[in-house]
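Here is a short report on one protein model.

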Amino acid sequence: MLATRDGTFANDAARAEASKEIFTEWQAKHSALWGNQPLCLGHRLHEHPLFSRSSLASLIERYPASNYMLVKVGPPGREREWREGDFGSLSGEQVITAIEHGSMWLNLLRVNEVDSRFGALLDDVFGELEAHIPAYKTFNRICGILISSPQAQVYYHFDTSGQSLWQIAGSKRVYVYPASSPFLARDELESVCLYNNETSIRFEDWYDDYASIFSIGPGQMLSWPLNAPHRVENLGFSVSMTVEYQMRDIQRKVRMNGANCLLREQLGINATSRTSGPGFWAKTALLGAAKLSGFVEAKRRSRRPITFHLHPDTLGDIIEAA
């Protein structure tokens, strides 16, 4: 697709291209598989001018610090490393260059709330999904932009919401594992639902023998069942869009699991996994009170300190936090 450097459409032909359906070659079987099995499908978002390098650089420059994660990780085959930092006053182009030459990834969280154009694009995605799957009713939809270094990785983790990954530039290898024991333990599920510490779960090398493995490039996306653990290896500099959403049953499971973690850690109580009835609503009230008190947020912050900064004189490297 032709676009100007500021991300606007270059001509009428480009605008016509943008009006095409986002998913390519959707088949009836995909409606049955979506959400039940790992699924790789084609899309057109990699052609959209919102994802041009200049557009992303501009977006980074006006991004609120509270809405991004900058994470330093180790390459595949090395000892695990996870350090969170910030990019300070660097320009968007400098941040992208640092990621190209470093070993880190930048996750622009809730980009649809920061830039309404992404919100409109997200609505188009779900509009098509609901046209293909009429019973697929979602809410609290959000999307993010993930910009990653060559050979950087996302460690074994799972998400508590519905999730899909849309590749825009570069390639990734994605390992998707069953959402069941031994790949996901109940106490780990509950802890992540409360603290959002997704990458804290246990991983064994032999898990790979049971993974579905996908190599995806621009114009391909992946979806997988709720809570399915997965990990990602970049095969070069990469730009992706992540999509998250809630459904009624998903939301209830998150509340139940988060409250169960609170009860287990604070009171030594192993609660049931019911998502209805008086017990469930009592746990929901307990969880809400813990969040309102600031207890949960304080615990989350203590587990994710900022330990480095990017600097314009050391692009691709990091400066230790004071």
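How many bridges join strand β9 to β10, and in which sense do the two run? Five bridges join β9 (residues 172-176) to β10, and the strands run antiparallel. This is a predicted model.

**The four-stranded sheet**

β9 and β10 belong to an open sheet of four strands, in the order β7-β12-β9-β10. Pairing in this sheet is antiparallel. β7 (153-157) and β10 (212-216) are the edge strands, each pairing on one side only. From one strand to the next the twist averages 15°.

β12 (residues 230-234) is mostly covered, with five of its five residues buried. H230, V232 and N234 point one way from β12. R231 and E233 point the other way, and these residues are all buried too. In a regular strand the side chains alternate between the two faces of the sheet.

β12 has β7 as an antiparallel partner, joined by three bridges. There, H157 stands opposite H230 of β12. β12 also pairs with β9, over five bridges and again in the antiparallel sense. R173 has E233 of β12 as its bridge partner.

R231 also meets a ring. Its charged end sits over the ring of Y175, 3.9 Å from the ring centre. Y175 in turn stands opposite I213 in β10.

Not counting residues up to four places away in sequence, I213 touches R173, V174 and Y175. I213 and P38 are 175 residues apart in sequence. In space their C-alpha atoms are 9.5 Å apart.

Strand β3 (residues 68-73) is largely enclosed by the rest of the structure, because six of its six residues are buried. Both faces are covered. Y68, L70 and K72 are buried on one side, and M69, V71 and V73 on the other.

β3 pairs with β5 through five bridges, antiparallel. Y68 stands opposite L108 in β5. β3 also pairs with β4 (residues 82-86), in the antiparallel sense over four bridges. V71 faces E84 of β4 across that pairing.

Along with α3 (53-61) and β6 (139-148), it is included in what covers the buried residues of helix α4. In α4 (residues 92-101), the buried residues are G92, V95, I96, T97, A98 and I99.

**Aromatic pairs**

The model has 20 aromatic pairs.

| Pair | Centre to centre | Between the planes |
|---|---|---|
| F183 and Y207 | 5.1 Å | 70° |
| F280 and W281 | 4.9 Å | 70° |

Why does the pair of F183 and Y207 tie together parts that are 24 residues apart in sequence? F183 lies in the loop between β9 and α7 (186-195), and Y207 lies in the loop between α7 and β10, so the pair links those two parts. F183 is buried, at 6% relative accessible area. Y207 is buried as well, at 2%.

W281 is partly exposed, at 44%.

Ring pairs also build a cluster. It links F23, W26, W34, F126, Y136, W166 and Y245.

**N260, a buried polar residue**

N260 is found in helix α8 (residues 248-267). Its relative accessible area is 1%, so N260 is buried. What does the side chain of N260 make a polar contact with? The partner is the side chain of E190, at 3.4 Å.

E190 is also one of the residues in contact with N260 once neighbours within four places in sequence are left aside.

Terms used: Residues numbered from 1 in each chain as written. Predicted model: local features only at pLDDT ≥ 70, side-chain atom pairs only at ≥ 80, totals over all residues. Heavy atoms only, no water. Buried < 20%, exposed > 50% of the residue type's maximum accessible area, 1.4 Å probe, protein only. Contact = heavy atoms within 4.5 Å. Pairing = 2+ DSSP bridges. Axes fitted to C-alpha atoms, helices over the stretch in contact; angles between N-to-C directions. Phe/Tyr/Trp six-rings, centres within 6.5 Å; stacked < 30°, edge-to-face > 60°. Lys NZ or Arg CZ within 6 Å of the ring centre and 35° of its normal. Polar contact = N/O pair within 3.5 Å; in protein donor to acceptor, adjacent residues only side chain to side chain.
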